[in-house]
Amino acid sequence: MQLNEIWFLIVGFLFIGYFVLDGFDFGVGMSLPFLGKDDTDRRVLINTIGPVWDLNETWVIVAGAALFASFPEWYASLFSGFYLALLLILAALIARGVAFEYRGKGDTAKWRKTFDWMITIGSALPALLWGVAFANIVQGVPLNAEHVYTGNLFTLLNPYGLLGGLVTLTLFFTHGLIFITLKTEGDIKDRARELAKKAGYVTTVLAASFLVWTLIAHFSVIGFILTALAALSLIAAQAANFIKREGLSFTLMVFTIITAVGALFAALFPNVLPSSTNAAFSLTIQNASSSQYTLTVMTWVAVIMIPFVLAYQTWTYWVFRKRVSRKSIPAGSH
Amino acid sequence: MDAQERVIQKGVVVHIAGHMLAGLDPLTLSRWQFGLTTVYHFLFVPLTIGMVLLVAIMQTMWVRTNEEKFLKMTKLFGKIFLINFAMGVVTGIVQEFQFGMNWSDYSRFVGDVFGAPLAMEGLLAFFFEATFIGLWIFGWGRLSKKVHLMTIWVTTLGVWMSAYFILAANAFMQHPVGYQINEVKNRAELVDIGAVLTNIVALNQFPHTITASIMFAGGVMVAVAAYHLKRKQYVDSMYKSLRFGLWASLLGGLGTIVSGDGLGLAMVQTQPMKMAAAEALYKTSTGADASFSLFSWGTPDGSSEIFSVRVPYLLSFLSTHTLNGTVEGLNDLQAQYSHLYGPGNYMPIIWLTYWAFRWMIGLGALGILVAIVGLIATRKGRVQLPNWTWNTAIWASPLALLAISVGWTFTEMGRQPWIVFSLMKTADGVSPGITGLDVLISLIVFTLIYGVLAVVEFGLLRKAVAAGPDVLVADQNEDSEALAVAY
């Protein structure tokens, strides 16, 4: 296997890791208006991701840096091309991050309410826009001979892009709800499960149409297998939620995201950013990559570090494995 | 006004609006945005770099001695560290994204080299610090005392490694090494990662950054302690914090001088134009003529001088460590560079580099002076001091931070007109596909968000400081879950 292919996989792995992990953070953030009946509820919901959300967010920083180092042309064309979409994502992520830190530090109900809305919007917006962005990457965008994007923000809001956005929005919402059933106890857990059932139907319909559309446009055997696995595990995750097996359901949701995003990367390969202007202007794993020396150095770093990263992040989740409930929120705190 | 006139008037308005938008230069706006967001990001980073070490030391003292005052200090300054850390992370994402968003031609040209230390930062250091910081925050009462202490030391290691990789990336822009130019792809390609990571500029910038950060973190400790000692509360833990902070400030400050001297030598060797610009030295000078002006007043273009206070030999000493050294002047270097790189202006903005260099040194020196006077005034347990001394201690705390900010302004403005010294000019690095309007929108969005953040952050720090150390320790005795809520 070529180094360019390995790095295509590593970049895919890092983005999948980001979507699996920050995906449920987005879902929990979006659930606040639905499940958070009072301050204590909302505190319970936020505490389910309190120790881990910023750790999850680091995946996008690392994915971005890995993209820069391994495929500088891809990074340059993508980030400058999707300028305003990324600006919105950045603004939302900043608002969400700050709101997590600061909502508990003010004294008034109004203060907390403001920050709770920042969390909800700051979660929903990136959940939507990452889907729009990835759908457009797969579909192709107008790139000229210098690989410079010649569209604007509205070029991205085409039917396929918007459907992709709705898929990630609903998928992460359901993912977050099932995460809540796994991490909480009592009434809030039951309400999360009921809501996840409803959200699950919508997600399944949207995700299935999107993945089939993708498969028809870019057929490959691996893509077909991944799409089939994604569809099956998404349905199985809903079934597991029905029979109150939240651990199984969450595992299946993780598997769904891995295979669904995997199917997108399979549809993209060997391009990394196709040009809709002229296929000859497309960025591929060959013409967008770093030199073989850089890829070799970075492969060593990745091969040594990624197992460590996985090990100590798993340890973190193990340390914070305890469920959160209303009982664990002391009276008088928010 | 008839219809025709209205049409003409409307046409004129559209025309003028079009001109205004066309007048928005993506290059100028992107430079302002990068400068603004970087200076802002680096208001938080030094406190993180310095405070993480000081907190680790305080916690070690607590684990060793079991004295409660050290636990109180660890908790209070740990909380300040965390409020600040969150700001560093969220503003850091913007930094990484901006290379691609606003400087895509720069990214295409250097990505093969520059991306490597950045990705190493992510994979080796950043994951590390983010994970262990989470464990440290939520690990009180859940992890054993020793394992918990280990988490803050590992966080320190992660934070410092992060700083090193980022500085190595920056050093490539100041002094490119370990690369060769690929003519076909028209880009710089990495040929020696060892050379990039041991860049003489990075080796000198790192200790300079670390020591200056420790100095600033010490200053913050002093300010917090002074706030409480002025009110005669928490005297036990706050007197200890005061002395600890003063020593950190002094030692950090002295370290900054020593490391700054090393950095100066590296700068003369790698970017002589920057050193000449630091002194606004137009003519190449030797020995006593290579003097350092403490202050000067000249014609606006700086080429002739009306009044100045000068220390003879000092510039020669700073640049070469000898008294009879020769320091190249701006005019000679300009001629040299025009010959080497083609016609053009190779001088940075001289008044800016000249004054930034002086403010950096002056503010830093003042910070050290405050630390020395503070150590003498409060020796042997003396805390009965007039209010103005405490107020001075509080207001002196940003000195090191301001010095750091103007120091970086000097470093980056002194590199101009280059984005990568000798290889690529800043004007050639900007994204070709973005419009002035795009950048104007992002510049406004970032300015607004960062403005709000600054107000909120400052309010939270003040509140954490005012609440004092005892509340935080009381939490410790309750269910550990309760503590998780505190953050």
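Trainee: Is B:Gly362 buried, partly exposed or exposed?
Mentor: Remember that this is a predicted model. B:Gly362 has 17 C-beta neighbours inside 10 Å. Buried needs 20 or more, and exposed needs 12 or fewer. So B:Gly362 counts as partly exposed.

Trainee: Which helix holds B:Gly362?
Mentor: Look at residues 350-377 of chain B. B:Gly362 lies in that helix, α12.

Trainee: How many Å apart in space are B:Gly362 and B:Thr389?
Mentor: In sequence, B:Gly362 and B:Thr389 are 27 residues apart. In space, go from C-alpha to C-alpha. That distance is 21 Å.

Trainee: What span should α3(A) have, given its 18 residues?
Mentor: Helix α3 of chain A covers residues 53-70. Its end C-alpha atoms are 26 Å apart.

Trainee: How many residues of α3(A) are buried?
Mentor: This helix is mostly covered. The buried count is 18 of its 18 residues.

Trainee: How are α2(B) and α3(B) oriented to each other, roughly parallel or roughly antiparallel?
Mentor: Helix α2(B) spans residues 26-65, and its axis comes within 7 Å of that of α3(B). The axes cross at roughly 150 degrees. Angles over 145 count as roughly antiparallel. The two helices are therefore roughly antiparallel.

Trainee: Is the crossing of α2(B) and α3(B) left-handed or right-handed, and how many charged residues does the contact have?
Mentor: α2(B) passes α3(B) in a left-handed crossing. By class, their contact has 21 nonpolar and 17 polar residues. The charged count is none.

Trainee: Which residues of α10(A) meet α1(A)?
Mentor: The axes of α1(A), residues 3-35, and α10(A), residues 246-268, come within 10 Å and cross at roughly 145 degrees. That crossing is right-handed. From α1(A) come A:Gly12, A:Phe15, A:Ile16, A:Phe19, A:Val20 and A:Gly23. They meet A:Val254, A:Ile257, A:Ile258, A:Val261, A:Gly262 and A:Phe265.

Trainee: How do the residues of that contact between α1(A) and α10(A) divide by class?
Mentor: Charged residues are absent there.

Trainee: Which element gives the most to the side of chain B that touches chain A?
Mentor: In all, 55 residues of chain B are in contact with 60 residues of chain A. Elements giving two or more residues to the chain B side include α3 (68-102), α4 (104-139) and α16 (436-467). That side divides into 33 nonpolar, 12 polar and 10 charged residues. The top contributor, with 22 residues, is α4(B).

Methods:
Residues numbered from 1 in each chain as written. Chains lettered and ligands numbered in written order. Predicted model: local features only at pLDDT ≥ 70, side-chain atom pairs only at ≥ 80, totals over all residues. Contact = placed C-beta atoms within 7 Å. Helix = DSSP H or I, 4+ residues; strand = E, 2+ residues; numbered from the N terminus. Nonpolar A, V, L, I, M, F, W, Y, C, P; charged D, E, K, R; others polar. Axes fitted to C-alpha atoms, helices over the stretch in contact; angles between N-to-C directions. Parallel < 35°, antiparallel > 145°, perpendicular 65-115°, else oblique. Left-handed = near helix turned anticlockwise from the far one by under 90°. Expected span 1.5 Å × (residues − 1).
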